[in-house]
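Hi,

Here is the structure I said I would pass on. Have a look at it first, and then read my notes below.

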Amino acid sequence: MSTEPRQPTGRLLSRPVLAWASWDWGSAAFNAVMTTFVFTVYLTSDAFGGEAYASGVLGAGLAVAGLFIALLAPVTGQRSDVGGRRKLWLGVNSLAVAVLTALCFFVFPRPELLLLGVALIAAANIFFEFAGVNYNAMLAQISTPSSIGRVSGFGWAMGYVGGIAALVIVLVAFVQPVFDWFGSSTEDALNIRLVAVFSALWFLAFALPVMFAVPEVPRQRNADRLGFLASYGLLFRRIKAIYRTSPHTIFFLLASAIFRDGLAAVFTFGGVIAAGTFGFALSEVILFAIVGNVIAAVGAVIGGFFDDRVGPKLVIIVALIGLLGSGTAILILGAEDHDFFGVQWSGDTTFWVFGLLLTLFMGPAQASSRAYLARLSPAGEEGEMFGLYATTGRAVSFLAPALFSLFIGIFGEQRFGIIGILVVLLAGLLVLLPVKPPAKVTPAVVPAP
């Protein structure tokens, strides 16, 4: 009986693809619930010393986590590639995220526990990014060259929909419960602390299938001969070799780092702008987030199909142009009411129409960016490449937030912070334009360990 791993078919409903995408579905509990809409909002409440102080501590903690990710992600990806332990480290890091998330249950609403909460969230972010490096690297293991775009888009879509499902459960069971049970108690913020336990179990449950359905990568020669510090020497030699033999791979990493920072800012500041500039209530912001995730999931699937037909570069370019157009419309029209040829157009309509268009283009840009790099990665080096992907993204992650704040300071209105996001998206587009599409890029030649 042959022991060779079964070749991937790339079919979306195949067992490996569904199991792989299940991890994206489960990870949304950490992304959407813990770090975006629920737990970090709890951490920055008055119970922990005031919004301004707690937000500053949280920001500092996440900045330190980002530094660790930038320094360690490429080497951890490299070592999982070389040692044939990509799936193993995906499991280990996912388990670490789940445990750290569950420990947030012990963060009672007291100022002296702020540091504990921030430390747990920051550490979970580090392990989550490490897990993501191995997870993204698996894209090449479960897809074919003709299906890699669809599979990547399907994974992103599962993440968006998983986020919706987790948020709805959190809202109706914990935050605004539709029935009384012990977990709905707000005493000592029990309901919010139980959200952490729910998120940990949700992530762990949906992360398990990939451990059984996707084969491990083969072990490379001399895997045990390279020490951890020596891995950095190999990393720098490989970066030089990649630049020498396939410079457009490096160019893409730089371009994607810029426009991915703009994409992150759209989600980071979207709710802030909805509430601050357009006057949305919290319930309206949550409703917009749910609808926006649905639209983003649809966009990711559609973009994935076009990715396999016309290539990821064109999909990303179209998505970035769509984002620039939609963002510009929100900036120009603002929250004011307008009369277009006798038709009344309200500020709410502006945000709902063009805000949802923003989410429509988000999915294809994110999914095709991942597929682009997967196509450029030398066989067996995907983990290291996605480690560099994480590092370059972290290296420029200050751009959009800094420019967002700068333009608010210049014009004195939150609305004009949108200009900062648009500048970053435009810069990413301009840097991407001269980068060759994967089909025209010579594969990089990297030195052996």
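**How two of the helices meet**

H1 and H7 lie oblique to each other. To put numbers on that, the two helices, H1 (residues 15-37) and H7 (residues 148-175), pack at an angle of about 45° with their axes 7 Å apart. The crossing of H1 past H7 is right-handed. Sorted by type, the residues of this contact come out as 19 nonpolar, five polar and one charged.

Bear in mind that this is a predicted model.

**The whole protein**

Stepping back, the protein has 16 helices and two strands. Its radius of gyration is 22 Å, close to the 22 Å that the globule rule gives for 449 residues, so the protein is as compact as a globular protein of that length. Of the 449 residues, 54% are buried. As for contacts with a separation of 6 or more, 84% of them are between residues 24 or more positions apart.

Next, have a look at H4 (residues 86-103) and H5. These pack at an angle of about 155°, and their axes are 8 Å apart. That makes the pair roughly antiparallel, because the cut-off for that label is over 145 degrees. H4 and H5 cross in a left-handed way.

Which residues of H4 and H5 meet? On the H4 side they include Arg86, Trp89, Leu90 and Asn93, and on the H5 side Phe127, Phe128, Phe130 and Asn134 are among them. By type, the residues of the H4 contact with H5 split into 15 nonpolar, three polar and one charged.

Asn134 is found in H5, which covers residues 114-137. Is Asn134 buried or exposed? Its relative accessible area is 2%, and the cut-off for buried is under 20%, so Asn134 is buried. Leaving aside residues up to four places away in sequence, Asn134 touches Ser80, Arg86, Trp89, Leu90 and Asn93. Among these, Arg86, Trp89, Leu90 and Asn93 are also listed on the H4 side of the helix contact.

That's what I have for now. Happy browsing!

How values were computed. Residues are numbered from 1 along each chain as its sequence is written. This is a predicted model: local features need pLDDT of at least 70, side-chain atom pairs count only at pLDDT 80 or more; totals for chains, interfaces and linings use all residues. Side-chain values use heavy atoms; hydrogens and water are left out. Axes are lines fitted to C-alpha atoms, for helices over the stretch in contact, and angles run from 0 to 180 degrees between N-to-C directions. Helices (H or I, at least four residues) and strands (E, at least two) are DSSP runs, numbered from the N terminus. Angles under 35 degrees count as roughly parallel, over 145 as roughly antiparallel, 65 to 115 as roughly perpendicular and the rest as oblique. A crossing is left-handed if the near helix is turned anticlockwise from the far one by less than a right angle, and right-handed if clockwise. Ala, Val, Leu, Ile, Met, Phe, Trp, Tyr, Cys and Pro count as nonpolar, Asp, Glu, Lys and Arg as charged, and the others, Gly among them, as polar. The radius of gyration is taken over C-alpha atoms; the globule rule is 2.2 Å times the number of residues to the power 0.38. Buried means under 20% relative accessible area, exposed over 50%, partly exposed in between (1.4 Å probe, protein chains only). Contact means heavy atoms within 4.5 Å.
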